[in-house]
Amino acid sequence: MAASPGPAGGGGAGAAHGSGPSGFAFDSGLEIKTRSVEQTLLPLVSQITTLINHKDNTKKSDKTLQAIQRVGQAVNLAVGRFVKVGEAIANENWDLKDEINIACIEAKQAGETIAALTDVSSLNHPESDGQITIFTDKTGVVKAARLLLSSVTRVLLLADRVVIKQIIRSRNKVLATMERLEKVNSFQEFVQIFSQFGNEMVEFAHLTGDRQNDLKDEKKKAKMAAARSVLEKCTMMLLTASKTCLRHPNCESAHKNKEGVFDRMKVALDKVIEIVTECKPNGENDISSISIFTGIKEFKMNIETLRENLYFQSKETLSVMLEALLERTEDFTDCAYTSHEHRERILELSAQARTELQQLISVWIQAQSRKTKSITEELELTILKISHSLNELKKELHSTAAQLAADLLKYHADHVVLKALKLTGVEGNLEGLAEYACKLSEQKERLVETCRLLRHVSGTEPLEITCLHAEETFQVTGQQIISAAETLTLHPSSKIAKENLDVFCEAWECQISDMSILLREINDVFEGRRGEKYGYLSLPKPMKNSANLRSLKADKPDSEEQAKIAKLGLKLGLLTSDANCEIEKWEDQENEMVLYGRNMSSMAYSLYLFTRGEGPLKTYQDLIHQLEVFAEEGLKLASSVQAFSKQLKDDDKLMLLLEINKFVPLCHQLQTIIKTPLQNQVFLKVDKCITKARSMMAVLVQLLSLCYKLLKKMENNRWA
C-alpha cells in the first residue's frame with residue numbers, strides 16, 4: 001500500500017519533499033527500489049526451485065529449454081539491479097558499507113552462476129555434449145540459489161537498519177523544530193520555523209508511509225496508520241492553534257488548546273518509533289485482552305480441544321476464562337444507552353453460558369472416568385450447546401453496539417452542536433457557550449462509550465485498533481473544540497480564532513464520517529462478507545484544508561484533461577469486460593484468485609468511469625487513492641496464483657510463473673509512479689498511472705485465462 005500524502009503545513013510545504021535534504025529523498029527512493037527488486041527476485045528464485053526439481057528423464061523440448069534459459073537470464077538481471085541498489089545504499093551509509101558490499105558481491109556471483117548453468121539453449125546440438133548445465137550439475141544450482149537467498153536477505157536486513165535510522169533521525173528533527181515552535185514569540189519567526197517544520201513533516205510522512213507499506217503484521221500496520229493520521233491532522237491544528245496563541249498571548253484557553261495539539265503529536269511520534277523499532281513500553285495493554293469477541297473465540301477453541309484430549313485443560317481455567325469474558329459484557333449492561341430489551345437478553349445469555357459450562361464440566365468429569373460411546377456423545381452435545389449460547393451472545397452484543405452506533409451517527413449527522421458553538425463564538429455569547437459546551441461533552445462521552453462497545457465486537461485486531469483510535473480522537477478533539485470555542489467567544493472578532501475553531505470542528509466531522517465507515521466494516525466482518533473494502537481505513541485521510549492536499553491537486557480534471565484521459569480509459573473499459581468474461585467461466589466464484597481478480601476488475605471499471613467524468617471517483621486525489629489499492633490487490637492476486645502454481649507439474653508451473661513474472665513488476669512500477677512526487681505535473685502522473693493500470697489489466701486477463709485452463713487440466717487429471 002502506498003503512502004498517502006504526508007502532513008504538510010503552511011504555504012509551499014506540499015512541495016517540500018523535492019527540496020528537502022537530498023540524502024533522505026534518495027534513500028527513500030532506494031527503499032522503494034530495493035523492495036521492488038526483492039519482490040521481483042523472489043518469484044524467480046521459486047522458478048529456480050522448479051528447475052532444480054525438473055525431472056531428468058523428461059523430454060528436453062525446445063520450448064522447455066528456452067523457458068529454462070529465460071528464467072536464468074531473468075534471475076541474473078534482477079540480481080544485477082538489486083546489487084546496484086545495494087551498492088548505492090552502501091555508498092550512502094559508510095558504517096554498513098563493507099557488510100553490504102560483501103553481500104552484494106556474493107549475490108552477483110550467485111546470479112552469474114545460475115545464468116551459466118541455465119544456458120541450455122544449445123543442448124540439442126552435438127557440440128554441447130561436454131557442457132555443464134542444470135541437468136548435469138544440480139548441486140551447483142542448489143548452492144548458487146542458497147547463496148543468492150542468503151546474500152539478498154543480508155542486504156535487505158542491513159537496508160532495513162538504514163531505514164529505521166532514517167525514521168528515528170527524521171523524528172528527532174521534527175521534535176527539535178516542535179520545541180522551537182512552542183517557544184516562538186513573533187509571527188515572523190513562527191512563519192520561518194513552521195515552513196521548516198512543514199518540510200520535515202513531509203519527509204517524515206514519506207518515510208513512515210513506505211514503512212507502513214512494508215509491514216506484514218496487520219496489527220502494526222493499523223497502529224502505524226492511526227499514528228500517521230494523528231500527525232497529519234494535528235499539523236493543520238498546530239498551525240492555527242499557534243497563530244491564535246500569538247494573536248492572543250494572554251488567553252488561557254488558547255494556550256490550553258495549543259498545548260493539547262503539541263502533546264498529542266509527541267505521543268504519536270513516540271508511537272511510530274515504538275512500531276519501527278519494535279520496542280514495546282512496559283505496562284502497555286494488549287487490546288486483544290479486552291475484546292469480548294476475542295475472548296469468546298479463545299474460550300471456544302479451549303473447549304473444542306476436549307474432543308481430542310480430556311486432560312489438556314483444567315476445569316478452573318475454563319471457569320476463570322468464562323467469568324473474565326462475561327465480566328466484560330458489563331460494558332454493555334452498565335451502559336446507560338443500552339435498551340432494556342438488549343440488556344435483559346445479554347444477562348439471560350450470560351447466565352445460560354454459566355449453567356452450560358457447569359453441565360460441560362460435570363460430563364467432562366464423567367468422561368475422564370468412563371470412556372463410553374454415550375458419554376462421548378453427551379460431551380459433544382454439551383460442547384455444541386455452550387458454543388451455540390456464546391454465538392447467540394456474540395449476535396446480541398453486535399446487534400446492541402451496531403444499533404447504538406447507527407442511531408448516534410444518524411442523530412449527529414447534521415452537526416447541530418458544532419454549528420451552535422461557532423455561532424455563540426462569533427456572537428461572544430458566554431452563556432450559550434456554556435450550554436453547548438455541555439452538550440458537546442455529553443455527545444463526546446456517548447461517542448467514546450460507543451467506540452468502546454464497537455471495539456468489543458470488531459472481530460479483527462486492525463479494526464480493534466481503529467476503534468481505539470476513534471475513541472481517543474473523540475476524547476481529545478472534544479476538549480480542544482471547547483477550548484477553541486471559548487477563545488473565539490472571548491475574542492469574537494478574531495478571524496484566526498474562528499479559523500482555528502473551524503479546523504477542530506472539521507476534524508470532529510471527519511472522525512464522525514470515519515466512524516460510519518468503521519461500523520460498515522465491522523458489520524461486514526461479522527456477516528462474513530469478504531468483498532471490496534469500503535473506506536480503506538488503514539490509510540490516513542487528508543483533511544480538506546491541508547496544504548499537502550492542495551499540492552496534489554485534489555480538484556477535478558478540467559475539460560482539456562478530461563478529453564485526454566477519456567482516450568486512455570477506452571481500452572481500460574474493454575479490458576474490464578474481458579476480465580469479467582474470464583471470471584464468469586470459473587465454477588468456484590469464491591476461489592481466492594477469482595475474488596482478487598473481481599476486485600481488480602471492479603476498481604479498473606471505477607478508473608474507466610473516472611476517465612469519462614462519471615462514477616464514484618471525483619478528484620485526482622480519489623483516483624490516486626484507488627490506484628494505490630489496485631496495485632496492492634494485484635500483488636495479492638500474484639501471491640495467490642503463485643500458491644496455486646505449487647500444485648502444478650513442472651512444465652505447467654514454469655509457464656504460469658513466467659506469466660506471474662510479467663505481472664508483478666507492473667504492480668511495483670505502478671506503486672513507484674504513485675510514490676514519485678511530481679510537483680505541478682499531476683496530470684502527467686495520472687496519465688502514467690492509467691497507462692500502467694491498463695497494462696496490468698491486459699496481463700490479468702491472460703493470467704486468469706491460464707489459471708482457469710490449468711485448474712481444469714489438473715481436475716481432469718485427478719478424475720482420470
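Me: Where do Lys271 and Glu274 lie, and how many residues apart are they?
Reply: Both are in helix 8, 3 residues apart, which is about one turn of the helix. Helices here are DSSP runs of H or I with at least four residues, strands are E runs of at least two, and both are numbered from the N terminus. Note that this is a predicted model: local features need pLDDT of at least 70, side-chain atom pairs count only at pLDDT 80 or more, and totals for chains, interfaces and linings use all residues. Residues are numbered from 1 along each chain as its sequence is written, and side-chain values use heavy atoms, leaving out hydrogens and water.

Me: What joins the side chains of Lys271 and Glu274?
Reply: A salt bridge, at 3.4 Å from N to O. The cut-off puts a side-chain nitrogen of Lys or Arg within 4 Å of a carboxyl oxygen of Asp or Glu.

Me: Is Lys271 buried or partly exposed? And Glu274, buried or partly exposed?
Reply: Lys271 is partly exposed at 25% relative accessible area, and Glu274 is partly exposed too, at 23%. Buried means under 20%, exposed over 50%, and partly exposed in between, with a 1.4 Å probe and protein chains only.

Me: How many salt bridges does the structure hold?
Reply: It holds 28. One of them pairs Glu348 with Arg345, with the closest N and O atoms 3.1 Å apart. Those two residues are 3 apart in helix 12 (residues 340–369), about one helical turn. Glu348 has 45% relative accessibility and is partly exposed, as is Arg345 at 27%.

Me: Which residues are linked with Arg345 and Glu348 in a network of salt bridges?
Reply: Glu392 and Lys395.

Me: Which residue does Arg452 meet in a salt bridge?
Reply: Glu471, at 3.4 Å from N to O. Arg452 is in helix 15 (residues 430–457) and Glu471 in helix 16 (residues 461–490), so the pair ties together parts 19 residues apart in sequence. Arg452 is partly exposed at 31%, while Glu471 is buried at 10%.

Me: Which side chain has a polar contact with that of Arg264?
Reply: Thr473, at 3.0 Å. A polar contact is an N or O pair within 3.5 Å; within protein, one atom must be able to donate a hydrogen and the other to accept it, and residues adjacent in sequence count only if both atoms are side-chain atoms. Outside four places in sequence, Arg264 has contacts (heavy atoms within 4.5 Å) that include Val230, Cys234 and His469.

Me: Switching to helix 20: why is it described as largely enclosed?
Reply: Because 15 of its 20 residues are buried, it is largely enclosed by the rest of the structure. At its start, a side-chain oxygen of Asn591 comes to within 2.8 Å of the backbone nitrogen of Met593. Gly613 follows helix 20, with a positive phi near 80°.

Me: What is the mean pLDDT of the chain?
Reply: It is 80, with 81% of residues at 70 or more. Residues 1–30 are below 50, and that stretch has 83 contacts beyond near neighbours in sequence. Residues 530–554 are also below 50, with 85 such contacts. pLDDT is the predictor's confidence in each residue, from 0 to 100. Where it is low, the predicted coordinates should not be read in detail.
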